[in-house]
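Hi,

Here is the structure I promised to pass on. Have it open while you read, and my notes follow below.

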Amino acid sequence: MKKALSLLSSLCLTLVGLLWLAVGLVADQNSWLSGVWAITPPLFLLALNLSAAMFVDRRFRQQPMLFAFHLCLLLIAGIAGYGQLVTHEYRLLLAESQSYSADMLHPVRGGPVVAPGLAEGFIRQGRIEVDYTPGIRRGATRSALWLEGGGRMVIGDDVPLLVDGYRFYTTSNKGFSALFTWLPEQGPAVTGSVLFPSYPVSGLMQVLTWRTPGGEDVEFTLGVPPSPYNDNWTLSSAHVEAADIELSVGEIKHTLRPGATISLRGGRLRYEQTGMWMGYKIRYDPTLPWLFSAAVLAVVFMAMHFALRLWRPAGESAVRSDGCVT
Amino acid sequence: MIGTETALLIAGSGCYAVGAGFAWRSRWPAVARWILLGAAIFALAIGMRWAQFGQGPFLTMHEILISSLFSLGMVFGLACLIHPQACRGAPVATVILLVMAIWMAFTDSRSTPLPATYGNPWLWVHVAMGKLFLGCCLVASSLAAAGLFRLRAASLQDTGLDRAAWQWLMVAFVFHSGMLIAGAVWAQDAWGRYWAWDPLETWAFGTWLAMVFALHARVSLNLAITPQRLLLVGVFLLAFLTFFGIPFISIAPHKGAV
């Protein structure tokens, strides 16, 4: 047992693990092997090797800063592994004036541990603005969010919304929306938004189809004025404030202006106004502060270890029978 | 008629060339002075460019070369002042600086607007750590290369030179680790993930691994002097490729950042 532990703790095995990890990185980058299979096994070997060394290597333990640094490395590996179990990523599209609802969340990936839910309507989408420079190069993104309780926050680019462990990020995916009210022949009116394709990436394709509550398929086409290609400009709902919407029901086309109503099967549809929608990337990762703390501590301990070494003469080292220094 | 910025870049490069001349004559104090003067002139050129375009030198190859010429010169010059042993790598370090200066002359000097995510304060920490890492790595590897090629005052068995080289690699390792952490925090805020194995992240981690390998191999394998020096030079080559090679396969230092 002792011999096995000694072999497992060998620095030569560390070198093998490092080389294996390097090969794994190359394999992952060239898509020869999936990331999990390319990187996890050598990392696991290195973690075992390090754990064994911490357990059996007396000289290792006699250097407290070096020991603490390696302990932090193990912690980082452990936290990152735990993070795979608890981290969740979602997408969310929110139109101006629209409130958050859990059924709007689209899961992208997530670990087996269920994340806590967010309160219904805890945010409502405010004004969205995106700056552009000549050549339609995207600049700053500003997305205003009304928080439950009356607060307001503007997020965008590198400023996410942090709430209950969730981080909301704006993305380059955004576009125009149109607000309609469905007035059924019987029952209460329902107001909701339809979201046109992403803009300006799909600038000429502002068309979408929608099935009314009465079961009729209609097609909306938003008439967007051309984007100023050679100027600085800001994309916002003002860009389509006066835009008409063409509504097609079968072969029949109608041009609607804000406030116009059209009769359809089972009720009437009123076009209220145009606005914008924003695509959000949402991450829930409770391990981030722990990961950051462990990483910073690792660097501090490593720096202290090196500082101690720089101020003391080079020591002797004992060579083991396998050629590795203990 | 050349512009002020171009004149400053030529003057800075000229100072490095004079420093190289002194390095090959082993006149170390003069080397440090000329390299620091060159770095100061590059700093002035960066300042002028910054004022003209209203943004830092973070994006294009031209900007990355200018800022690296400044930071590498500054770190190497200061290293020579505070640790005279470091100056013995000057014949190699100055040649590397001159190669970069010539490369810079052939790059497109136009500015490209910075993506909005580049306004994050962690970017500053990330870049500063990266520059300090590469500077310390240059000191370490140039000492090793001077020993390897037995250049000026460096011999095959020169333990002082090698000890100094490893000491500088240790400092470089600390800065590189700091660069990875600061970069992860920036990436988390900018793109909603702290690590995604994009080409630059992977190569940067590969460089970190190479340093870990070198540091472990040195103490565990009883390496002879020549393989030790080769390891140090190899680490710098990998780091150099990471800093200046990745932009060839990506439109920005981080692919997908724009």
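In strand E7 of chain A, A:Phe168 is the bridge partner of A:Leu161. A:Leu161 belongs to strand E6 (residues 161-163), which pairs with E7 (residues 166-184) in the antiparallel sense over three bridges. Two strands count as paired if DSSP finds at least two bridges between them. E6(A) and E7(A) make a hairpin with two residues between them, and A:Asp164 in the turn has a positive phi of about 50 degrees.

Before going on, please keep in mind that this is a predicted model: local features need pLDDT of at least 70, side-chain atom pairs count only at pLDDT 80 or more, and totals for chains, interfaces and linings use all residues. Residues are numbered from 1 along each chain as its sequence is written, while chains are lettered from A and ligands numbered from 1 in the order in which they are written.

How many bridges join E7(A) to strand E15 of chain A? There are 16, and the two strands run antiparallel, with E15 covering residues 267-284. One of the pairs is A:Pro184 with A:Gly267 in E15(A). E7(A) also pairs with strand E8 (residues 190-198) of chain A, again antiparallel, over seven bridges. There, A:Phe180 sits opposite A:Gly192 in E8(A). E7(A) and E8(A) form a hairpin too, with five residues between them, and A:Gly187 in that turn has a positive phi of about 100 degrees.

As for domains, chain A is assigned domain 1 (2-62) and domain 2 (89-283); such bounds come from an automatic or database domain assignment. The C-alpha centres of these two domains of chain A are 49 Å apart.

Now for chain B. Its assignment gives domain 1 (1-111) and domain 2 (115-258), and their C-alpha centres lie 19 Å apart. Their contact takes 21 residues from domain 1 of chain B and 24 residues from domain 2 of chain B, where two residues are in contact if their C-beta atoms, placed from the backbone, lie within 7 Å. On the domain 1 side, helix H3 (61-82) and helix H4 (90-105) of chain B each supply at least two residues. H3(B) gives the most to that side, with eight residues.

H3(B) also meets helix H5 (residues 121-148) of chain B: their axes come within 8 Å and cross at roughly 55 degrees. Axes are lines fitted to C-alpha atoms, for helices over the stretch in contact, and angles run from 0 to 180 degrees between N-to-C directions. Are the two helices parallel or oblique to each other? H3(B) and H5(B) are oblique, because angles under 35 degrees count as roughly parallel, over 145 as roughly antiparallel, 65 to 115 as roughly perpendicular and the rest as oblique. Among the residues making this contact are B:Leu72 and B:Phe76 of H3(B) and B:Leu138 of H5(B).

Finally, where the chains meet, 30 residues of chain B are in contact with 38 residues of chain A. Helix H6 (159-191) and helix H7 (199-220) of chain B each supply at least two residues of the chain B side. H6(B) gives the most to that side, with 11 residues.

Cheers

Methods:
Helix = DSSP H or I, 4+ residues; strand = E, 2+ residues; numbered from the N terminus.
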